[in-house]
Amino acid sequence: MCGIAGIHAYLDVAPPVDREELARMNDRMVSRGPDGSGLWLSREGRTGLGHRRLAIIDLSVGGAQPMHSQDGRLTITFNGEIYNYRELRAELQAAGRTFRTQSDTEVLLHLYAVHGVTMVGRLRGMFAFGLWDAEKKVLLLARDPLGIKPLYWADDGWTFRFASQAKALLAGGAVSRDPDPAGIVGFHLLGSVPEPFTVWRSIQSLPAGATLTVDAIGPGTPQRYYDVASALEDRATVQAARGSAGSRIADAVRDSVRHHLVADVPVAVFLSAGIDSGTLLGTMSGMGVPDITAVTLGFQEFEGQPLDEAPLAAEVAARYGARHILRTVDRAEFERDLPALLDAMDLPTVDGINTWFVAKAAREAGIKVALSGLGADECFGGYPSFRDVPRSVHWLRPVSWVPGLGALVRRGLSGALAAGLRLHPKAPGVLQYGGTWAGAYLLRRSVYMPWELHEILDPTVVEEGLRRLAPLSRIAAALETSHGLGDFDRVAALETSLYMRNQLLRDSDWAGMAHGVEIRVPFVDAFFLAALPAGPVLAGMNAKDAIAAVPEPPLPDEVRHRRKTGFSTPVGRWLNDASGAPQQQGIDLSAASRAWARELWRAGWAGPAAA
Amino acid sequence: MGSRILALVGDCYGARGGIARYNQDLFEGLADGRTEILILPRHGDASGRELPAGVRQKTAIFGRLRYSLTAIVAAWRFRPIDTVFCGHVFMAPLGFVLARLFRARYWVQAHGTDVWKDRRGLVRRLIEAADLVTTVSRETRRILLAWVDLPPERVRVLPDTVQDVFRPGPPSPVLVNRLNLGKGPILLTVGRLASSERYKGHEAVFSVLAGLRVSFPTLIHVVAGDGDDRSRLEAVAEEVAPGAVRFLGYVPDADLPDLYRLADLYVMPSTEEGFGIVYLEAAACGLRVVGGKGGGTADAIPDERVGVIVDPADRSALAVAIDRQLRRGRADPTAVEPYRRAHFAACARALYARLAAQPRRTTAGP
């Protein structure tokens, strides 16, 4: 896991690459790669690549980057891990390719030389890379299928720039900071900025599962090579393999965990009291991984209360023989870390605080790589949305057929009336939005609804942002397939393509990388997703129970039957307090998210000026 | 089989000005022998000119309605059309309709102020419908993307190119004798003297001439160009810098290289140039240049080998810039080489190849 950057002066009139600018971009990402740094400029000075290294595979200098092919034609800067690189290496060697290093980076160079851009479909892992082909004079950018690793680009019409962080592009000093209303509105609507937007007009996120080629006249249209909805549709239409659904799940989990353990440093696990991370630990243990370290986050406020995950996590760690590190965080530490946290946060997000602290704990324990249970809820229907969104659509669809009725009701339930009825601020929009998949999903996941934005943002920004973002069309686009999806797969596609990608995975990246810790996510893997039973089968079974049974011995009953606690950490209360919102009894997550979103925007991005 | 481009333009062969020049350069760049280009201009007469192979220009029609009707008939006869090129946003409604009617790709060219100021919703939607938008400068692209919702990769920059006639050389003795400008140094400005284009900054230069003459007593400012603002500018010059400004009126393109070679410094602190091809032409002849902050000027004055950019509102900075540039001697013409026609033509062809490789669009969606 690393930080990558690059500048390519593609138009003849563009000035050559400024090495100092590239160095500034690279240096902004020092926490992503504390083990080494590399800069390379082509002989003509028109292409430059930068790299910050966190050494995980092939710790020798042989794995240093940017890396060149033996003939000098190809140069790559790569962030991520290729879990099937040994299989690919063996295949390439059998075809006569000669390797100089043990790194997965070199596999990418050979694979591109043989297969060209279609090589991305062969890769199992998390990745973002920039590859310069001096013979064809093209720069290729690629990002993994599900969007685990970020990749941002900026093009001024003469020169193309890319980096692992949007803030690194700004740090170079040549990229405009004009705000993008689409990203700003997107953040306030959803709590994170939906790709391909950022909060800066000049900076784009390369969509997950896409490649981008830059030639002599600049970047072309990003080309998708993977799409979640299509993958789920394919999974539902192929003949079921032999064996029960439970055994297919178990095989898929074991296979994914095995692949995610590929490393030349020890691999730890982030452990909560939930099923997902417990299953990862149990599976690792069952594979005979020695000396596993499990890191759990505890909160002083919860000690001795039912919400405290620490005792149960300790029991799970002991059950599988792991060294257990319990790291307790209190409010004072949160407040101390807040400035650094905001600086590391690449794009505004209402989440990521827990990941910041658990990654910090891992770093303190000398851990470089840890598995996380992120993504299991999207695969196995662990969110309430899997129940609520289809129910909403089926009940309210007839209302959506009456033009204007929902909007009329929403306007009728004006702010004052809704407040008098003690309705949730989003409740007036139920009839207007609840009858379509995109609308029901927006209701479920939104921080603010579109009609509320004019109260917190400049009306011009709201109007322009909503027009550019087109939130409902954008959400609906995540469901586009040739034959349609079942209810379970629809919600899985929405959660995986939107919430998980734009929020959870992005948060994991910046919060983990801020501490130089690589977070691996075995439940976020295109090969794993394809190996699972079809959506209707998963919907008809207790899939979470099935994964709890994967380890030997299975997870204890207390974990299997524990009510999902989600965000019930004091972080919600701290966020609420930090944002200056009124004191509440208990934690109202929705209110906390709203207040925090506003405070965060004010503190870190208003302008937006942070970099 | 070759490709067919229907070009709706304001000015092209036989017309004056930077946009006419740009369009000619573009079509000459695209004319590879296999591409047919039919130009429908609003100004300019191409009769008697030899056009590149495959390029034809119809008689200019200024009237909007007649132009539109003639364009529809011409397009019908020109079928099958691969691309409708719209050389000015003003013609975007017609360009869009023709492109959809004839199932052609739709290419919009933006020059500068045409897309900086007119931000009506209809204009925005017509630009957003384009398969390719080209701008002459990075700044025009940036401004366009600030209010038009287009994927950034669809908006490409194709900078102006410098004609080969603009090269360094000795001053023409004939011109020296005819103009009789004295010992100099000679500051030169070339541009339309239009009341709608006061941003070119003539008055700013006039206002610092008296101060400059303290150091350079025989300094003279030569103004080439004509327009409805000329008499007013002459009066201003006479008032603030008596005897220091010489107005030449319109100078034909063919005479410009000699004019540049005669001068010591090109000064035009313009704030709204779409690109500012004159800066490059001057630099290609070895003149250092002083340009104005704003618009696309930064693209035409690539670095200090050519000159500097100043804010004309800051008169002392303008005076200092002129003083310093005069003392630095000649520009390095190699800095202009990437703007030469071979680069421009290669870029234009690559852009068109990329556009032609796209599937045709029949709906207005992105």
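**A guided tour of chains A and B**

Begin by selecting B:L6, which stands opposite B:L38 in β2 of chain B; two strands are taken to pair if DSSP finds at least two bridges between them. The model is predicted, so local features need pLDDT of at least 70 and side-chain atom pairs count only at pLDDT 80 or more, while totals for chains, interfaces and linings use all residues. Residues are numbered from 1 along each chain as its sequence is written, and chains are lettered from A and ligands numbered from 1 in the order in which they are written.

**Stop 1: the strands of chain B**

Select strand β1 (residues 3–11) of chain B together with β2(B): the two run parallel and are joined by 8 bridges. Helices (H or I, at least four residues) and strands (E, at least two) are DSSP runs, numbered from the N terminus. Follow the chain from β1(B) through α1(B) to β2(B); this β-α-β crossover is right-handed. The term means that, with the strands pointing away from the viewer, the path from the first strand over the helix to the second runs clockwise.

Is strand β2 (residues 35–43) of chain B enclosed or open? Of its 9 residues, 7 are buried, so β2(B) is largely enclosed by the rest of the structure. A residue is buried if 20 or more other C-beta atoms, placed from the backbone, lie within 10 Å of its own.

Next, select strand β3 (residues 55–57) of chain B, which pairs with β2(B) in the parallel sense over 3 bridges. Here B:V55 in β3(B) is the bridge partner of B:I37.

**Stop 2: the two domains of chain B**

Colour domain 1 (3–161 + 341–357) and domain 2 (173–338) of chain B separately; such bounds come from an automatic or database domain assignment. Taken over C-alpha atoms, the centres of these two domains of chain B are 30 Å apart. In chain B, 13 residues of domain 1 are in contact with 11 residues of domain 2, where contact requires the C-beta atoms of two residues, placed from the backbone, to lie within 7 Å.

On the side of domain 1 of chain B that touches domain 2 of chain B, α1 (18–30) and α6 (138–147) each supply at least two residues. The largest share of this side, 3 residues, comes from α6(B). By class, this side of domain 1 of chain B has 2 nonpolar, 7 polar and 4 charged residues. Ala, Val, Leu, Ile, Met, Phe, Trp, Tyr, Cys and Pro count as nonpolar, Asp, Glu, Lys and Arg as charged, and the others, Gly among them, as polar.

**Stop 3: where chain B meets chain A**

Now display both chains: their contact takes 21 residues from chain B and 20 residues from chain A. On the chain B side, α6, β7 (155–157) and α14 (341–357) each supply at least two residues. The side of chain B that touches chain A divides into 12 nonpolar, 1 polar and 8 charged residues.

**Stop 4: chain A**

Finally, select chain A, which has 26 helices and 18 strands. Along its principal axes, the C-alpha trace of chain A spans about 70 × 60 × 55 Å. Of the 611 residues in chain A, 56% are buried.

Colour chain A by domain: domain 1 (2–225), domain 2 (240–381 + 492–561), domain 3 (385–488) and domain 4 (570–611). The centres of domain 1 and domain 3 of chain A, taken over C-alpha atoms, are separated by 37 Å. Their contact takes 11 residues from domain 1 of chain A and 17 residues from domain 3 of chain A. The side of domain 1 of chain A that touches domain 3 of chain A has 8 nonpolar, 3 polar and no charged residues.

Key:
Buried ≥ 20, exposed ≤ 12 C-beta atoms within 10 Å, placed from the backbone.
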